[in-house]
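Trainee: Hi! Could you walk me through this one?
Mentor: Happy to, let's look together.

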Amino acid sequence: MTLDVEICSGTEVAGQRVAARIAALIRDKPDAVIGVATGSSPEPVYRALARFVDDGLDASGVRWFALDEYIGLPPGHPQSYRAVLERVLIGPLGLHPTSLHVPDGTAADPEVAAEAYEAAIAGAGVDLQILGIGGNGHIGFNEPGTPFSATTHRATLTESTRRANARFFPSADAVPVECLTQGLATIMRAGRIELVASGSHKADAVAAAVRGPVTEQCPASILQRHPDVCVNLDTDSAAAVYESS
Ligand code: GLP
């Protein structure tokens, strides 16, 4: 196992530790570029970061780049990832919405939007990327089978991902079918990666990512090839990592 794994007693503790490292980065580099994930897992990180800001951390010079966005939700839809990140990150940290960059899921031509986003990220250079992980091992919306070489692209959600995300929508049918997502090659260019996971429903995906073979069937396993990754787990999501095989 090559990845650095930290097991915490709970998600708030993990969030505090990750946020402390991000706060240190921002103090060191006030114009840092930080990649941000949606989903429940990173929310304790954002809550803890907001406390650092309350205590005087100045994050106003940071540029934030989202991992992904649904295609086809109307502008301003509360479950668009732009709206979610404005709610859980930009608002609580008192930041200007223009500091948040999200792929344009409303673009007439999603492929053009993907290329534009890839160019913007490549130009900015992500210092630190926050990641969650899907129950099937996806990162961003890179579902199993996505080539490791993919850059930002248009993708189709698997049924299991749509079911998992149905909790945020009135019904499973309301979950968009397509998205724009940073590719695995895009994610791998980040200088550092902090992955957060919690809950027993993530245990198999976490174990496959951390100590399974590096395979496109488990997109997160590519992180084993990155030189600076910390995998932050609660005890439930860590359960299968140290099982004998
Ligand atoms: C979504 C996002 C991913 C996220 C995953 C897990 O599919 N596109 O970036 O990691 O959900 O979300 P959660 O942390 O809510 O389990």
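**Strands, helices and pockets**

Mentor: Buried means under 20% relative accessible area, exposed over 50% and partly exposed in between, with a 1.4 Å probe and protein chains only. Strands (E, at least two residues) and helices (H or I, at least four) are DSSP runs, numbered from the N terminus. This is a predicted model, where local features need pLDDT of at least 70 and side-chain atom pairs count only at pLDDT 80 or more, while totals for chains, interfaces and linings use all residues. Residues are numbered from 1 along each chain as its sequence is written, and side-chain values use heavy atoms, leaving out hydrogens and water.

Trainee: Which strand does strand 7 pair with, and in what sense?
Mentor: Its partner is strand 8 (residues 178–181), in the antiparallel sense over four bridges. Two strands pair if DSSP finds at least two bridges between them. Thr156 stands opposite Glu178 in strand 8.

Trainee: And strand 2, how are its faces?
Mentor: Both are covered: Val33 and Gly35 are buried on one side, Ile34 and Val36 on the other. Strand 2 runs parallel to strand 3, joined by four bridges, and Val33 stands opposite Arg63 there.

Trainee: Where is Ser41?
Mentor: Ser41 is in the loop between strand 2 and helix 2.

Trainee: Why does Ser41 count as buried?
Mentor: Because its relative accessibility is 16%. Leaving aside neighbours within four places in sequence, Ser41 is in contact (heavy atoms within 4.5 Å) with Val196 and Lys202.

Trainee: How much space lies in the largest pocket?
Mentor: About 660 Å³. Rolling a probe the size of a water molecule over the atoms shows where empty space is left. On a 1 Å grid over the protein atoms alone, a pocket is an open set of points where a 1.4 Å probe fits, with protein on both sides within 12 Å along at least five of seven lines; lining residues have an atom within 4 Å of a point. Grid points are joined across faces, edges and corners, and a volume is the space filled by probe spheres set on the points.

Trainee: Which residues lie nearest its centre?
Mentor: Of the 37 lining residues in the largest pocket, those are Gly39, Ser41, Ile133, Gly134 and Lys202. Helix 5 gives the largest share of the lining, four residues.

Trainee: What about the second largest pocket?
Mentor: That one holds about 180 Å³ and is lined by 14 residues, with Glu69, Pro75, Ser80, Arg82 and Thr106 nearest its centre. Strand 4 and helix 3 are the elements that give two or more residues to its lining.

Trainee: Last one: how many helices and strands are in the chain?
Mentor: Seven helices and ten strands. Of the 245 residues, 56% count as buried.
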